[in-house]
Each structure stands twice: as structure tokens, then as C-alpha cells.
Amino acid sequence: MTFHLSPFTFHLSPASPLAAFDFSVFLRPSPEAVLNNLSYLLVGLGLSLLLALASWVVAFVVGSVVGVMRTLPGRILPSIGVCYVELFRNVPLLVQLFVWFFVVPDITPLLGDWFKQQVSPFWQEFIAGTVCLGLFTAARIAEQVRAGIGSLGPGQLGAGLALGLRRRQVYLLVLLPVAYRILIPTLTSEFLNLIKNTAVASTIGYLELAQRSASLAETTSRVYEAFTAATVLYAILNLLVMFLARALERISALPGFLGAGGNK
């Protein structure tokens with residue numbers, strides 16, 4: 001029976017050499033032969049976060065607009081909002097990603113030719129991933145914004161209109177600021193889901209954390225270490241987001257309202 005006393009190596013079971021963890025693999029040169037393997041994964045984590053943040057900007061803006069459209073009077077704008085939500089929410093995310101990356105550039109000749117010939121592969125993957133994840137998540141945010149505005153009831157809208165504000169001003173100055181504070185917990189959940197959904201961008205070649213951990217497992221044959229490290233890094237990032245969101249909840253708490261740390 002052999003035991004490894006290195007600070008980087010141990011066996012889960014002496015009878016199971018395949019279950020050995022060799023953490024020294026993270027100090028070896030990476031597949032790019034520039035950084036060590038730990039730095040290689042950390043860069044992937046940074047690229048995952050960059051894609052998530054860019055997608056979140058798109059999702060938050062588009063989702064807010066569509067959510068407001070669904071609460072407006074009339075039929076046309078609410079119907080457009082419903083069609084958007086149902087389309088993006090009911091088509092698999094992976095299919096949407098392939099459409100944005102492979103199909104859209106081919107059906108838009110001028111823009112597509114520029115996109116494929118003048119834009120570097122990294123930015124092609126990043127732009128397609130951002131648009132896809134942003135619009136997909138926007139459909140979910142739209143439903144939450146609609147529900148948040150609806151939870152306020154007609155009283156605040158009526159009061160704002162009675163004061164002489166236009167409907168647009170009532171939404172921007174009264175309804176949305178309150179609704180966003182109520183929705184902080186659910187919006188946090190959507191952002192956490194968005195971080196995890198960035199892994200689908202690996203299917204078009206974007207070298208985020210999931211793709212880099214798979215590459216590391218393939219080049220070093222250390223599958224346990226590669227995917228354990230990816231799991232830990234995802235968990236740390238999500239826990240950090242949750243901690244910041246809880247702090248934001250406390251800061252933005254509205255007395256008299258559920259959500260955002262308020263009590264009703």
C-alpha cells in the first residue's frame with residue numbers, strides 16, 4: 001500500500017488509484033503554455049463573468065421595456081410583449097445560441113459579411129453569446145417586472161396621473177424604482193442562472209470556465225481536479241453575488257413592502 005505525503009496529493013481510498021487527487025496539476029503549464037493551470041481556469045472564470053455582465057445589461061434593459069409593455073393599456077403593445085416572452089422562453093437556449101451564431105450572420109448579408117470577415121473569432125463568440133443570453137434572460141425578467149408593477153396596484157399609478165405626471169414619468173419616477181427594490185431577490189436568482197448559463201457559450205468555442213475545465217481535463221487527464229476546481233470557482237462566484245445582493249436588499253429596503261428586506 002502506497003501513500004502520497006505530498007501536500008498536493010492524496011488518495012480517497014488506497015484501493016482506488018483513479019480517485020486520487022493531484023492538486024499540483026494546477027501549478028503546471030496550462031494548455032496555452034503561457035500561464036499555469038490555475039491561472040488558466042481563473043481567466044476562464046473572468047471570461048464567464050464578463051459574458052454574464054454584458055448579457056445582464058441587455059437582459060435588464062430589454063426585460064424592463066418588455067415588462068412595462070405588458071402592463072400598458074391597449075392591445076398592441078401588451079400583445080407584442082406576450083409574443084416576445086413566449087418565443088424566447090419556450091425555445092431551448094442552445095438552439096437560440098446556434099441561431100444567433102450560425103444562422104443570423106448568413107441571413108443578413110451586409111452585416112453578416114462584416115461580422116464573419118472583420119470581427120475576430122473571440123468577439124464573434126462573445127457578441128453572439130451576449131445577444132443570445134441577454135434576450136433569453138430578458139424574457140424572464142420581463143415577467144418579473146410585470147409582476148412587480150402589478151403588485152403595486154393601481155393606486156400609485158392613479159396618484160401619479162392625478163398629480164399631472166405623464167404615464168411615462170409615473171413609470172420612470174414612481175413604479176419602476178419601487179418594483180425594482182421589491183424584485184431584488186428574484187433578479188438576483190436570474191443573475192445567478194445567467195452566470196451558470198454562460199457555460200452554453202462553450203459550444204460555439206467561447207473559452208469560458210466550463211470549456212477551460214474540459215480542456216484541462218483532456219490535456220492533463222486529471223478529470224477530478226479540473227471539474228472540482230470549476231465547481232468550486234462557480235460556487236465562490238455565486239456566493240459572492242448572493243452576499244452583495246443581500247447587502248443591496250438591506251440598503252434598499254422599503255418599509256411596508258414585501259421583498260428587498262422590507263416587512264409588510
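Modeller: A salt bridge is a side-chain nitrogen of Lys or Arg within 4 Å of a carboxyl oxygen of Asp or Glu. In this predicted model, such bridges link R70, E86, R89, E143 and R146 in a network.

Colleague: What makes the contact between E143 and R89 a salt bridge?

Modeller: The N to O distance between their side chains is 3.9 Å. The cut-off is within 4 Å, so the pair counts as a salt bridge. E143 belongs to helix α5 (residues 121–151) and R89 to helix α2 (residues 76–90), 54 residues apart, so the pair links distant parts of the chain.

Colleague: Why is E143 called buried?

Modeller: Buried means under 20% relative accessible area. E143 has 15%, so E143 is buried.

Colleague: And why does R89 count as partly exposed?

Modeller: Partly exposed lies between buried, under 20%, and exposed, over 50%. R89 has 37% relative accessibility, so R89 falls in between.

Colleague: Which residue of helix α5 lies 3 residues from E143, and how do you know that they form a salt bridge?

Modeller: That residue is R146, about one turn of the helix away. The closest N and O atoms of R146 and E143 are 3.3 Å apart, which is within 4 Å, so a salt bridge is assigned. R146 has a relative accessible area of 32% and is therefore partly exposed.

Colleague: How many salt bridges are there by this rule?

Modeller: The count comes to 8. One of the salt bridges joins E225 and R222, at 2.8 Å from N to O. E225 is buried because its relative accessibility is 1%, while R222, at 23%, is partly exposed.

Colleague: Why is the aromatic pair of F126 and Y206 called tilted?

Modeller: The ring centres are 6.3 Å apart, and a pair needs them within 6.5 Å, so F126 and Y206 pair. The angle between the planes is 40 degrees; under 30 would be stacked and over 60 edge-to-face, so the pair is tilted. F126, at 10% relative accessible area, is buried, and so is Y206, at 0%.

Colleague: How many aromatic pairs does the structure hold?

Modeller: The structure holds 11 aromatic pairs. Ring pairs also link W56, F60, Y180 and F191 into a cluster.

Colleague: What lies over the face of Y40?

Modeller: R212 does, at 4.6 Å from the ring centre. The distance limit is within 6 Å, so R212 meets that part of the rule.

Definitions and conventions: Residues are numbered from 1 along each chain as its sequence is written. This is a predicted model: local features need pLDDT of at least 70, side-chain atom pairs count only at pLDDT 80 or more; totals for chains, interfaces and linings use all residues. Side-chain values use heavy atoms; hydrogens and water are left out. Helices (H or I, at least four residues) and strands (E, at least two) are DSSP runs, numbered from the N terminus. Buried means under 20% relative accessible area, exposed over 50%, partly exposed in between (1.4 Å probe, protein chains only). Rings of Phe, Tyr and Trp (its six-membered ring) pair if their centres lie within 6.5 Å; planes under 30 degrees apart count as stacked, over 60 as edge-to-face and the rest as tilted. A charge sits over a ring if NZ of Lys or CZ of Arg is within 6 Å of the ring centre and within 35 degrees of the ring normal.
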